[in-house]
Amino acid sequence: MESIEIDEIADPELDEPVLVEGLPGVGHVGKLAAEHLLEEFDSELVRRVYTDEFPPQVSVDDDGVAELTCAEFHAVSLTDADGEEAGDLLVLTGDHQAQSNAGHYHVTDAFLDVAESFGVERAFALGGVPTGELIEDEEYTVLGAVSDADLKAELEDADVEFREDEPAGGIVGVSGLVLGLG
């Protein structure tokens, strides 16, 4: 196996797709949010990414079939309440992140290459922020970080908060590197 192998499953035409990354991290928040998108909207598996940076294991489905650990890209075409096209997403999810610091850079670079091949110019990385406190359902907040200050206003209009002291430890893993390398 090469250090990274990309299996091309499908090649749909996407119109200005937006990358949504949701891999495991703090509380699996990003992964759960990305999987929710895939459950709520019609999606099509378009790429599988295999790497020796993932743990040496397979997952086993309900039928007992084993599959090598991978990350997956799904194409999602959104429609609004009137049934009109509302844009396309390229959703990245999986069960693992790289096992080394260098691997995170290497794998994220491959993820961004896949996104670029679909014409992605904008990305959202989803993840949890450790607070050390139990947050009640009605008390949640969405915290944001951007790669360019010019992008803040649009997110603030959507009630995303930006705080000087959070996230205190920065954004680690693929989520941070999507912002930093993207």
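**Close-up views of the model**

**View 1. The S1–S3 pair.** Asp 7 stands opposite Arg 48 in S3. S1 and strand S3 (residues 43-51) run antiparallel and are joined by five bridges. Two strands count as paired if DSSP finds at least two bridges between them. Helices (H or I, at least four residues) and strands (E, at least two) are DSSP runs, numbered from the N terminus. The model is predicted: local features need pLDDT of at least 70, side-chain atom pairs count only at pLDDT 80 or more, and totals for chains, interfaces and linings use all residues. Residues are numbered from 1 along each chain as its sequence is written, and side-chain values use heavy atoms, with hydrogens and water left out.

View 2. Strands of a sheet pair through backbone hydrogen bonds, either parallel or antiparallel. Here six strands form an open sheet in the order S1-S3-S6-S7-S2-S8, with mixed pairing. Strand S1 (4-8) and strand S8 (122-125) are the edges, each pairing on one side only. On average, neighbouring strands of this sheet are turned by 20° against each other, direction ignored. Helix H1 (residues 29-40) packs on the sheet and touches strand S2 (18-22), S3, strand S6 (71-79) and strand S7 (85-94). The direction of H1 makes about 135° with that of S7. H2 also packs on the sheet, touching S1, S2, S3, S6 and S7. The direction of H2 makes about 25° with that of S1. Axes are lines fitted to C-alpha atoms, for helices over the stretch in contact, and angles run from 0 to 180 degrees between N-to-C directions. Contact means heavy atoms within 4.5 Å.

**View 3. Strand S2 between S7 and S8.** In the strand order, S2 sits between S7 and S8. Five of the five residues of S2 are buried, so this strand is largely enclosed by the rest of the structure. Buried means under 20% relative accessible area, exposed over 50%, and partly exposed in between (1.4 Å probe, protein chains only). Val 18, Val 20 and Gly 22 point one way from S2. Leu 19 and Glu 21 point the other way, and they too are buried. S2 and S7 run parallel, joined by five bridges. Glu 21 stands opposite Leu 92 in S7. S2 and S8 also run parallel, with four bridges between them. Phe 124 in S8 is the bridge partner of Val 20.

**View 4. Antiparallel pairing of S6 with S3 and S7.** Six bridges link S3 and S6 in the antiparallel sense. Leu 45 has His 74 in S6 as its bridge partner. S6 and S7 are likewise antiparallel, over nine bridges. Ala 75 is bridged to Leu 90 in S7. The S6 and S7 hairpin has five residues between the strands. In this hairpin, Gly 83 takes a positive phi near 85°.

**View 5. Two loop residues with positive phi.** Most residues other than glycine have a negative phi, and most peptide bonds are trans. Glu 16 is a residue other than glycine with a positive phi, near 45°. Glu 16 has its place in the loop between S1 and S2. Its relative accessibility is 69%, so Glu 16 counts as exposed. Asp 159 also has a positive phi, near 70°. The loop that holds Asp 159 lies between helix H3 (152-157) and H4. Asp 159 counts as exposed because its relative accessibility is 64%.

**View 6. The crossing of H2 and H4.** The axes of helix H2 (residues 101-117) and helix H4 (residues 173-181) come within 9 Å and cross at roughly 60°. H2 and H4 are therefore oblique to each other. Angles under 35 degrees count as roughly parallel, over 145 as roughly antiparallel, 65 to 115 as roughly perpendicular and the rest as oblique. The crossing of H2 and H4 is right-handed. From H2, His 104, Tyr 105, Thr 108, Phe 111 and Leu 112 take part in the contact. They meet Gly 173, Val 174, Leu 177, Val 178 and Leu 181 in H4. The residues of this contact divide into seven nonpolar, three polar and no charged. Ala, Val, Leu, Ile, Met, Phe, Trp, Tyr, Cys and Pro count as nonpolar, Asp, Glu, Lys and Arg as charged, and the others, Gly among them, as polar.

**View 7. Gly 176 and Leu 126.** Gly 176 belongs to helix H4. Gly 176 counts as buried because its relative accessibility is 15%. The C-alpha atoms of Gly 176 and Leu 126 are separated by 9.5 Å. Along the chain, these two residues are 50 residues apart.

Conventions
Left-handed = near helix turned anticlockwise from the far one by under 90°.
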